[in-house]
Amino acid sequence: MEVDSATVWTDCLEVIQKQIDEQSFNTWFKPIVPLRHEGDVLTIQVPSQFFYEWLEEHYVHILKKAIHSVLGENARLEYSVVVDSGNQLNPPLTVNYPNGKGKTPVSPGGNGNGNLEDYSPFTLRTLDPRTVNSRLNPSYTFENFVEGDCNRLARSAGVAVAKKPGVTSFNPLMLYGGVGVGKTHLVQAIGNEIKQKLPDKIVLYVDQNDFTNQFLNALQNHKLQDFQNFYLQVDLLILDDVQFLAGREKTQEMFFHIFNQLHQTGKQIIMTSDCPPRDLKGFQERLLSRFKWGLTADLQEPDFETKLAIIHNKMQSDGIQIPTEVAEYLAYSVDTNLRDMEGVLNSLIFHATLLKKEIDLDLAKEVMKNIVKEIQSDVSVDFIQKTVGDYFRVDLDAMKGKIKKREIVIPRQVAMYFCKRYTQLTLALIGENFGGRDHSTVIHALESVEDMMKTDPNFKNSVDELAKKLKMRMAS
Ligand code: ADP
Ligand code: MG
């Protein structure tokens, strides 16, 4: 019958006590709890990562000697390190290390490429940064990530982290924002940059889905040790779409544990989410509080100028010329998100390269029809024309028609003025919406409205009243 762990440990302590002074003994050996004794392995629990490192640094020989003298030459020691002492609701979390600085030897036959998938049970390996699959898409870079007001803070934080991963106070870096605002692009750009500049760092990108599946897999196949060992060797961990961890208690616990370990050892963690940490539901409080340790930065919907730049950027990198009016039309019309924009642009590229069609407004409109929903803005041109028309008692046809009478021209100009103020349409596109007028006519209209507002208080009142009506509509 196997001797229980408490007895084995008491015997070990006797050996140890003879070799060190009382104070060291009380400080470093008394707090240790024997956990298991199975075969040649004795597992002891130590209260913290620091404690474990101290033991390995200063007492490894004494420990080895003691355990060999009690259990024989083949005996081995393993640590279970408490990383979170837990509370009433959450049990303590521990991580296991084999004896020997936690750096496990490369297994002799190990020629895997450092993916978790080819981690076989019981072979603990040191990952090789040159062969590890980082799961990064090399086409996401800083160079092709367009900077705008909408993403400036997030981008600069990303650049800082890419320069000095784990060293800045932006750890973890938490980026959040709606669909298609560039979160994945940005975090991958950070990963790619670090991989390129610091090739001996192990970079890993996973989305929440991968992480959860790997974890469940490991759980089922009794490979949790491998799973942990793999993740704890990563220097930069990027976890995308963390909001989907909501309600997954076990996975959260594992992530919490990995997070703590990496953070403590100065490794960089980057996460993305669709909302700020305070709004994440279904998360353990202790995990949420960790998310707020570093820097939280948001990415907003890109504004018109940024969208335009993104369009030009993408087309240029594909070597395709796109007329300004088409770019402007798309920047205005695709108001759902940048992923839809990507779809439209790819489709345009397809038409232009394979079907050898020229990219013009008609083609763009055709493609748009199939991909995104109806053109919308905060307030539509139609709505402006109708509201202004009703106010001045001018019908829609007249608004768009050729009549040059003053009682029609003025409402038409006022409507153009509001289109400029309340939509993101370019002058040319505004003109187009008013019976195909050109942009100089629109400029003239804006100037006359502004002049009249300065000189005619009644006119100014009318414009202010209309502005209120339109704003009410935008707010609703
Ligand atoms: P998210 O992860 O926030 O949903 P993505 O990173 O997947 O968004 O971005 C959607 C698409 O838009 C991608 O093709 C991405 O390259 C592109 N994109 C987003 N923001 C930018 C930007 N600032 N510059 C260039 N491309 C961008
Ligand atoms: Mg994403």
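Student: Where does ligand 1 sit?
Tutor: A pocket is an open set of points on a 1 Å grid over the protein atoms alone, where a 1.4 Å probe fits, with protein on both sides within 12 Å along at least five of seven lines. A molecule sits in one if more than half of its atoms lie within 2 Å of its grid points. Here, ligand 1 sits in the largest pocket. Keep in mind that this is a predicted model, where local features need pLDDT of at least 70 and side-chain atom pairs count only at pLDDT 80 or more, while totals for chains, interfaces and linings use all residues. Side-chain values use heavy atoms, without hydrogens or water.

Student: Which residues come nearest to ligand 1?
Tutor: "Near" asks for a heavy atom within 4 Å. Of the 17 residues around ligand 1, the nearest are Val146, Gly180, His185, Arg339 and Glu342.

Student: Why does ligand 1 lie between domain 2 and domain 3?
Tutor: Domain bounds come from an automatic or database assignment. Domain 2 (152–298) and domain 3 (304–376) both give residues to the shell, so ligand 1 lies between them.

Student: Which polar side-chain atom lies 3.4 Å from a nitrogen atom of ligand 1?
Tutor: A polar contact is a pair of N or O atoms within 3.5 Å. That atom belongs to Asn151. On the oxygen side, a side-chain N or O atom of Thr184 is 2.8 Å from a ligand 1 oxygen, and a backbone N or O atom of Val181 lies 3.2 Å from an oxygen atom of ligand 1.

Student: How much of ligand 1 does the protein bury?
Tutor: Accessible areas use the Shrake-Rupley method with a 1.4 Å probe. Ligand 1 alone exposes 550 Å², and the protein buries 92% of that.

Definitions and conventions
Residues are numbered from 1 along each chain as its sequence is written. Chains are lettered from A and ligands numbered from 1 in the order in which they are written. A polar contact is a pair of N or O atoms within 3.5 Å; within protein, one must be able to donate a hydrogen and the other to accept it, and residues adjacent in sequence count only if both atoms are side-chain atoms. On a 1 Å grid over the protein atoms alone, a cavity is a set of points where a 1.4 Å probe fits but cannot get out, and a pocket is an open set with protein on both sides within 12 Å along at least five of seven lines; lining residues have an atom within 4 Å of a point.
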